Amino acid sequence: MESSTDRSTQAKAFDETKTGVKGLVDSGITKIPSMFHASPVTLASMQAPPPPHHKQLTIPTIDLKGVSVDMTKRRNVVEKMGEAAEKWGFFQVVNHGIPEDVLERMIEGTRGFHEQDPEAKKKFYTRDYARKFHYTSNFDVLTSPGGWRDSLACYTAPDPPSLDELPPIFGEIMMEYSKKMMNLGELLFELLSEALGLSPNHLKDMDCTKFQVMFGQYYPPCPEPNLTLGIYKHTDFSFITILLQDKIGGLQVLHDQYWIDVPHVPGALVINIGDLLQFISVEHRVIANRSIKPRISVICFFSTFMKENPQVYGPIKELLSEQNPAKYRDITLTEFSNMFRSSVVIDTPPLPHFKM
Ligand code: OGA
Ligand code: NI
């Protein structure tokens, strides 16, 4: 068993390379460093048998075509979305109005950042997560097992960076894409408000679309994919998350105690409910990349990750009654992100700490 000092020396040395997991792969390693090894409990969950046949379901795909003009269609979509949000916490959407070339350019821009000359990207490497743009590997690697991925992150609303604060290789597409995400987010929050029986603007008026942070995840091929994960299981710190994944696959959601694959659906975006919006916020993870090509995903979170944010959120008063009392107390997003950060250390989800 290695000591925690070895672990922390290893993690610090890794961090100081500033080239992340991709740097390890590029150096030609054939075994992954022990700081990336999953815990015995996680390893067991990776070897668990697949779901029995009748449970081999997949998350619903919802077609958004016409929802803004055809009220019958809209009612139908609202019903499906409400059900998906409650039962799965996850669904895919197609015909969301974002042109395919924008999706493609966003994936390629993210690839471009991660695959550029290491010297050019090193200057963005930091653990100061309040910076408008940052590149890092595993925000919690100094305290928990590393996942086989590197990340870039950019706070895009309410106070977007100017183009000269962003790496030239993908600044423009990032800003274009984040605006499109904002428009889609507004539509999704309208539909989710309606699914809750509220007026369409309710969640928007609560400022659920006010804060936006974008992530670009890069999962290099992993030489020992049975020993680690791409991202360990977690719930998201957001109200909702909009995820764009390439064709490689690997994202899984926990449903009825089984890990279910979220397949790549051409042109689709994956939506999931985060901790801040209670339908259900479902645990998910990404397996370590078994293919020979890197896997890329781009994630739009409606919330602020690790940034100070004094805004208060609480239960929706209109939905409370004697039969349906508040489950969580009012919190600021700063309080939530502090709990999120420490919950990584103590390995329990942040949400239960705010129960009434
Ligand atoms: C995340 C996440 C999944 C993916 O970044 O929170 O769950 O497919 N990502 O990259
Ligand atoms: Ni996630």
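By class, the shell around ligand 1 comprises seven nonpolar, four polar and two charged residues, where Ala, Val, Leu, Ile, Met, Phe, Trp, Tyr, Cys and Pro count as nonpolar, Asp, Glu, Lys and Arg as charged, and the others, Gly among them, as polar. The model is predicted, local features need pLDDT of at least 70, side-chain atom pairs count only at pLDDT 80 or more, and totals for chains, interfaces and linings use all residues. Residues are numbered from 1 along each chain as its sequence is written, chains are lettered from A and ligands numbered from 1 in the order in which they are written, and side-chain values use heavy atoms, with hydrogens and water left out.

Of the 13 residues around ligand 1, those that come nearest are Gln-217, Tyr-219, His-234, Arg-295 and Ser-297, a residue being near if one of its heavy atoms lies within 4 Å. The largest share of this shell, four residues, is contributed by E12, a strand in the sense of a DSSP run of at least two residues, numbered from the N terminus.

An oxygen atom of ligand 1 lies 2.6 Å from an N or O atom in the side chain of Tyr-219, and for the side chain of His-234 the corresponding distance is 3.0 Å.

The nickel ion (ligand 2) is coordinated at 2.1 Å by His-234 (NE2), Asp-236 (OD) and His-284 (NE2), donors being N, O and S atoms within 2.8 Å of the metal (3.2 Å for Na, K and Ca), and water is not among the atoms, so sites may look incomplete. Along the chain, the donors of the nickel ion follow the spacing H-x1-D-x47-H.

Conventions. A polar contact is a pair of N or O atoms within 3.5 Å; within protein, one must be able to donate a hydrogen and the other to accept it, and residues adjacent in sequence count only if both atoms are side-chain atoms.
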